[in-house]
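This report describes the fold, the packing and selected local features of the chain shown below.

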Amino acid sequence: MSSLSDGIQNALLNIFIVYSCFTFYFKFIEGKTTPLTSKIMVTLVSAVSIIFCMSFPIINSAGHTPDFRQIPLIVGALYGGRRVAVVLTVVMLTYRFYLDIPHFHMALLIYSLLLISIIFIIPFFQNAVNMRRKVQLAAIAALFGSGSRMALMFFFDSEKTDVEYLIVFFTILFTQLLGVVSFVIVNERTRQSALLSREVLKLEKLRTVSELAASISHEVRNPLTVTKGFVQLLREPGLSDEEKNRYAETALEALDKAEATITEYLTFAKPSLEDVKILDLHQEIIHMRNFVDSYAAMNSVKIEMNLTTDIYIAGEDKKLHQCLINVMKNGIEAMPGGGKLRIDLCRIASNAIVTITDTGIGMNNEQLDRLGNPFFTTKDIGTGLGTMVVYSIVKAMGGRIKVDSEVGKGTRFTIFFPAVEQAVQSPMEASDKLFSPLVQHQE
């Protein structure tokens, strides 16, 4: 009973070792390194599996000691190539010689024939384009391995060939065939899934590019059409100076709108700060409130503020204004029936924290996960770029954003900026402060 228990334990240990080694290779190494490094790693993984399998054979009551050494040999050879097959065969024979297993010379001959058969199969296996063909070739290689084991058994262990031995032997051969085929199936499915994921990612990028092109075309074409129309009107004879000035002013306003749209796209595509200086957040937020007060009043939204004074950050004022106005405007638009927009400013450790809270419709978890992605919006009208611009600007200024929301209760945007001292004056010093490591907010 003890012998049977030991045999089962060693069999499970063999399976676990081979499975762990190859899972590690196929999941974390293959395809993520150079071809040479990948071959070296598959050789090491297979060699370690062979040595472990031979070190812990499956011992039954009659004293027979089969093992699963051929599974890593065949799988490693098929995926590693001919050189790997030769190295693994040498490793197996060398370790067999070290263990002083009898009949080494005949084993050398038989395993050399097995190596030749595997070398013949390898190019067909690696050039196969579908999984069914690879599984068939892997099964043939496993059957060649079984034939070599059978030859060794009948040539040298014929006196030990009893019913129990045959049962154990054919069980091992079946398990070996099943193991080789299973590894090939699992690996090929993993490869197909990875390939499919890459293709989906490419399609997603192409879709984003097409949406971006369409959005830019739509947003820029309208003001350019206006400009074109009024420039054509300027060519009309008999226009008064007042009409010419009005037409020119309207055309210039349309061009300014087109320029602003292009700038917005460039901001999220490649955020950068050009004029870094020390900004008083208290004053900047008050200044921004003046811009949104009328818009809030139109939407029956009351703005409340609780601002701490003497909090400074390094950044570009225009981009900060764009960031805060976008968040405030989104908060106001999230309250179609009116509500309250609260703006808080405080400093904790080395972080300047701006919190903008609305009592609007809120967002669910799926919407929160997609927040900040281009072209995602919860509004009926809009390109979805406003929030993306906010994230890009905050990141460029060395900050981060935390969003909490609950459907029907509202949303809270918490923006963390690295705070600086007012004494920092030069742009170079401000930039150094801006891009220094952030101290995480401790709640």
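The model is a predicted one. On the side of helix 2, the contact is made by Lys39, Val42, Ser46, Ser49 and Ile50. Helix 3 contributes Pro72, Leu73, Gly76 and Gly80. By residue class, the contact of helix 2 with helix 3 divides into four nonpolar, four polar and one charged.

## Overall composition

The chain has 13 helices and seven strands. Of its 443 residues, 41% are buried. Among contacts in the chain with a separation of 6 or more, 72% are accounted for by residues 24 or more positions apart.

## Nonpolar cores

In soluble globular proteins, nonpolar side chains tend to be buried together. In this model, the largest nonpolar core has 46 residues. Those with the most contacts inside this core are Phe22, Ile71, Ile74, Val75, Leu78, Phe125 and Val180. The elements giving two or more residues to the core are helix 1 (2-28), helix 2, helix 3, helix 4 (82-98), helix 5 (104-127), helix 6 (131-156) and helix 7 (163-234). Helix 5 supplies the largest share, eight residues.

A second, separate core has 37 residues. Met288, Met363, Val390 and Val394 are included in this second core.

Valine 180 illustrates the packing within the largest core. Apart from neighbours within four places in sequence, valine 180 contacts Ile71, Ile74, Val75, Ala138 and Ala142. Ile71, Ile74 and Val75 are also listed with valine 180 among the residues with the most contacts inside the core.

Arginine 96 is located in helix 4. The residue is buried, because its relative accessible area is 7%, and the cut-off for burial is under 20%. With neighbours within four places in sequence left aside, arginine 96 is in contact with Met54, Arg69, Ile101, Pro102, His103, Phe104 and Ala107.

## Salt bridges

Side chains of opposite charge can pair when their charged atoms come close. The count of salt bridges in the model is 12.

| Lysine 302 | Glutamate 304 | 4.0 Å |

Lysine 302 is exposed at 54% relative accessible area, while glutamate 304 is partly exposed at 24%. In the second pair, lysine 319 is buried with a relative accessible area of 15%, and glutamate 316 is buried with 8%.

Lys302, Glu304, Lys340, Arg342 and Asp344 are linked in a network of salt bridges.

## Positive phi values in loops

Most residues other than glycine have a negative phi, and most peptide bonds are trans. Which backbone values depart from this pattern of negative phi? Aspartate 100 has a phi near 60°, which is a positive value in a residue other than glycine. This aspartate 100 is found in the loop between helix 4 and helix 5. At 65% relative accessibility, aspartate 100 is exposed, because the cut-off for that class is over 50%.

Serine 300 likewise has a positive phi near 60° and is a residue other than glycine. The location of serine 300 is the loop between helix 9 (281-298) and strand 2 (301-307). Serine 300 counts as exposed too, with 53% relative accessibility.

Methods:
Residues are numbered from 1 along each chain as its sequence is written. This is a predicted model: local features need pLDDT of at least 70, side-chain atom pairs count only at pLDDT 80 or more; totals for chains, interfaces and linings use all residues. Side-chain values use heavy atoms; hydrogens and water are left out. Contact means heavy atoms within 4.5 Å. Helices (H or I, at least four residues) and strands (E, at least two) are DSSP runs, numbered from the N terminus. Ala, Val, Leu, Ile, Met, Phe, Trp, Tyr, Cys and Pro count as nonpolar, Asp, Glu, Lys and Arg as charged, and the others, Gly among them, as polar. A nonpolar core is a set of buried Ala, Val, Leu, Ile, Met, Phe, Trp, Tyr and Cys residues joined through side-chain atoms within 4.5 Å. Buried means under 20% relative accessible area, exposed over 50%, partly exposed in between (1.4 Å probe, protein chains only). A salt bridge is a side-chain nitrogen of Lys or Arg within 4 Å of a carboxyl oxygen of Asp or Glu.
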